[in-house]
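Dear colleague,

I am handing over the structure that we spoke about, and my notes on it follow below. Please keep it open beside you while you read.

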Amino acid sequence: MSTIPICQCNAEVLSNREIGPGLYWIDLLAPDITRHALPGHFVHLVVSDVSEDSSRQTWLRHTPLLRRPFSIAERDPDNGVFGLIYRIVGGGTEILAMRRIGERVNVLGPLGRPLEPMRSGRPAIMVAGGVGVAPFLSLAQETVRDSRASPEEMTVLFGAATAGLLSGEEKFRELGLHVKLATDDGSAGYHGLVTSLLERELTLSPDRCAYLYACGPTPMMRRCQEIARDEGIAGQVSLEGIMPCGVGVCMACVVPCVVPGDRSAPPRYERVCDTGPVFDMQEVVL
Ligand SMILES: Cc1cc2nc3c(=O)[nH]c(=O)nc-3n(C[C@H](O)[C@H](O)[C@H](O)COP(=O)(O)OP(=O)(O)OC[C@H]3O[C@@H](n4cnc5c(N)ncnc54)[C@H](O)[C@@H]3O)c2cc1C
Ligand code: FES
C-alpha cells in the first residue's frame, strides 16, 4: 500500500471544456492532492456539484452516489492545480461535463500505485488507447521536468477510433517525445490498431524500447502483454475498471494475478484500487 497521504477536499473547477467529440479536459484546484500526486496516481470524484452555496437538494448533490475514478493527466504543483482528461460513457461522466467554473467537486486522492519512473539509458514506449493516454501525459511531463530521461528516449504510440479522439498528442510533441498515431478509421496516422503499430515499431526501431507501458482497453493491453512476452521486454500496464470505494474496502475491483515464479499455480486476487491500478506487465491476467 502507498505511504503517500490521501487527501479529501472540495476542489474548485477552474475549467471544464470539450476537446474532442465527447472528450473533456477539467482543471481542479486541490493543492494537497496536487502536491503529493505521482504519474499513474488517480483521483476518485463525486461528479456532482458540492459547493456550500449550491441551491441543489442534498440528494441531487450526491447523485450518482458512487465516486468515479480518473487518472491524473497533468499537474501544476506551483499553482495547486491538476488536470483530468475524460470521455463521456454514461451518467456520471455526463454529469461531470455539466460542472461549471467556480463549482466544487469532492475529490479523494492521490490513490493507487504510481507508474515506475522513466530511467535514463532505458528507452521506453508508452502505448495509449483513448483516454488511457492520461497517465502517460503525466509521466512524460514529470520525466522531462525532473530531467530523469531525455525526451528522445520516450516514444508514445497513441491509438483511438478516430482523429478527433487523439487530443493530448500535441502535449507530447511540445515536450519533444517521439509520437506516432494510429486510428481505426485511418483519419490520422497509421490505419489500424495501435498494437500493430507497436509491432511495426519494434521491428523497425528495436533500440527504442527496453521498457513498455500500456494503458487502454483490455484487448489492447492483453496484446501488449503478448508482444512484451514474445520480445522479452519488461513493463507495466495500468488498468481501468469498476471501482466503487477506491480505497481497498469493498473488494469489487479485484483482478486475478499470477504468482511470481509459478505461472501454473492458482491465481491470487489483487485490488486494482490499492495494489494497482499499475501492475507488472506479466503479473495481471487480463
Ligand atoms: C484507475 C482508473 C483510472 C481511470 N482513468 C480514466 C481517465 O483518465 N479518463 C476516463 O475517461 N476514464 C477513466 N477511467 C474510467 C472511468 O472511471 C469510467 O469511464 C467512469 O467511471 C464511468 O462513469 P459513468 O458514470 O459515466 O458511466 P456509467 O454509466 O456508470 O457506466 C459506464 C461504464 O463505466 C463503468 N463504470 C461505472 N462505474 C464505474 C466506476 N466506479 N469505476 C470504473 N468504471 C465504472 C461501467 O462498467 C460501464 O461500462 C478510469 C478508471 C479507473 C479504474
Ligand atoms: S474499489 Fe473497493 S476495494 Fe477496490
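Taken alone, ligand 1 exposes 870 Å², of which the protein buries 78% (accessible areas by the Shrake-Rupley method with a 1.4 Å probe).

Please note that this is a predicted model, in which local features need pLDDT of at least 70 and side-chain atom pairs count only at pLDDT 80 or more, whereas totals for chains, interfaces and linings use all residues. Residues are numbered from 1 along each chain as its sequence is written, chains are lettered from A and ligands numbered from 1 in the order in which they are written, and side-chain values use heavy atoms, with hydrogens and water left out.

Around ligand 1 there are 22 residues, and Arg-68, Pro-69, Gly-92, Thr-93 and Gly-241 come nearest (near means a heavy atom within 4 Å). The shell divides into 12 nonpolar, 6 polar and 4 charged residues, with Gly counted as polar. Strand E4 (68-71) is one of the elements that supply at least two residues of this shell, and E4 gives the largest share, 4 residues (strands are DSSP runs of E, at least two residues).

Best wishes
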